[in-house]
Amino acid sequence: MEISAQESRNRHSTTVAPKPRRAGSAAPAQDIALTNETKGLAPRPAILSGLRRAAAAGVGLWLATAPLAMAEPTSPKATGKATERQFSAADPARQAKPPQPAPPLTKLTTPPEPVIPDPRRNVPASIFTTFDAKQKADAARVSAYLSSLSTLVGNFVQVGPDGSKLKGDFYIMKPGKVRFEYDDPSPISMVADGQSLVVRDRRLATQDVYPLSQTPLRYLLSDKIDLLRDTNVVAITSDDLYISVIIEEKNAVIGTSRLMLMVGVKDGQLKQWTVTDPQGYDTTVAIYNLDTTRRPDPTMFKIDYTDYSTPPG
């Protein structure tokens, strides 16, 4: 029986209802920003705007990976996009491989419309979760796709809990490295070097540091992944449009968060993810114009913890 795209979205709308924050409760651990004072980093309470909070939730929460050796911070002062988006020469190892036939990349001029989960959705408790053969095969397909990626470049559109939309470009180099740049007039850029994530505001000349190992989305940046073995999968669904896998992670300090991955049934490519934070708020990021052949310059992922960009004016 065929179903419409809208029905598909409804069938994938399954998670936990938002939990209101108690009056006087402490802010989440991610809201502690690190700023530069003298020659070290001194913690201070972060007073983040809605833009920076949405950026950290939508992208930062999925950039975590297993801790790797920290790259030495040698990046110069932050500059404009044109200077930072440079790619290294083709890897000789890649050139040695036989050319893989692939259809020409057709770029979309209009971003896709993200599938927004229903806030009333409910996911069954994971302690007794079991999956049938079809669900296990779907999870294995998603795992094989994620494991096959080494680099990924494309565009994204992000929808925050309040419905606001942001767009930009992203660059991934596995294991553990990501750079997200938001389109103007947003001053935000984000860099992950495999161990830490920095959210930089060029206008305010500030940068907030987040630990990558504290988020459920680190699995996306590992070299190899078996979702059923390496993560706590609590739901697997599929239809004519998407395979959806929901991963749950519990943290004694900040609470329970969830990640929903959606992969296209026809092309097997990642289409979007939704992060549900411990307060129950969703941030969805849809990606498009994906290119697995471009190799970003490794210097794009270096973090300078002491050098901030100069604010305009």
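Contact here means heavy atoms within 4.5 Å. The structure is a predicted model, in which local features need pLDDT of at least 70, side-chain atom pairs count only at pLDDT 80 or more, and totals for chains, interfaces and linings use all residues. Residues are numbered from 1 along each chain as its sequence is written, and side-chain values use heavy atoms, with hydrogens and water left out.

**Exercise 1. Describe the surroundings of Ile-243.**

Step 1. Locate the residue: Ile-243 sits in strand S10, residues 242–251. Helices (H or I, at least four residues) and strands (E, at least two) are DSSP runs, numbered from the N terminus.

Step 2. Classify it. Ile-243 counts as buried because its relative accessibility is 1%. Buried means under 20% relative accessible area, exposed over 50%, and partly exposed in between (1.4 Å probe, protein chains only).

Step 3. List its contacts. Leaving out residues up to four places away in sequence, Ile-243 touches Asp-138, Arg-141, Val-142, Thr-237, Ser-238, Leu-261, Met-262, Val-263 and Val-265.

Step 4. The C-alpha atoms of Ile-243 and Lys-271 are 9.9 Å apart, with 28 residues of separation in sequence.

**Exercise 2. State which parts of the model have pLDDT under 50, starting with residues 25–51.**

Step 1. Take the whole chain. pLDDT is the predictor's confidence in each residue, from 0 to 100. Its mean over the chain is 73, and 60% of the residues reach 70 or more.

**Exercise 3. Work out the strand order of the open sheet of 11 strands.**

Step 1. Count the elements: the chain has 6 helices and 13 strands.

Step 2. Write the order, which is S8-S7-S6-S5-S4-S3-S13-S12-S11-S10-S9 with antiparallel pairing. Two strands pair if DSSP finds at least two bridges between them.

Step 3. Find the edges. Strand S8 (206–211) and strand S9 (233–238) each pair on one side only. On average, neighbouring strands of this sheet are turned by 20° against each other, direction ignored.

Step 4. Place the helix. H5 packs on the sheet and touches S9, S10, S11, S12 and strand S13 (282–291); its direction makes about 95° with that of S9. Axes are lines fitted to C-alpha atoms, for helices over the stretch in contact, and angles run from 0 to 180 degrees between N-to-C directions.

**Exercise 4. Follow strand S4 (residues 165–173) and decide whether it is enclosed or open.**

Step 1. Check burial. S4 is largely enclosed by the rest of the structure, because 7 of its 9 residues are buried.

Step 2. Take the pairing with strand S3 (residues 151–159). S3 and S4 run antiparallel and are joined by 9 bridges. Asn-155 stands opposite Asp-169 in S4. The two strands form a hairpin with 5 residues between them, and Gly-163 in the turn has a positive phi of about 90°.

Step 3. Take the pairing with strand S5 (residues 177–182). Here 6 bridges join antiparallel strands, and Met-173 stands opposite Lys-177 in S5. This hairpin has 3 residues between its strands, with Gly-176 in the turn at a positive phi of about 80°.

**Exercise 5. Identify the residues with the most contacts inside the largest nonpolar core.**

Step 1. Apply the definition: a nonpolar core is a set of buried Ala, Val, Leu, Ile, Met, Phe, Trp, Tyr and Cys residues joined through side-chain atoms within 4.5 Å.

Step 2. Name them. The largest core has 40 residues, and Phe-170, Val-245, Ile-247, Leu-261, Trp-273 and Ile-287 have the most contacts inside it. H5 supplies the largest share, 4 residues. Another core, of 7 residues, lies apart from it and includes Ala-235, Tyr-242, Ile-246 and Met-260.

Step 3. Examine one member. Beyond its neighbours within four places in sequence, Leu-261 contacts Leu-146, Leu-220, Ile-243, Ser-244, Val-245, Ile-247, Leu-270, Gln-272 and Trp-273.
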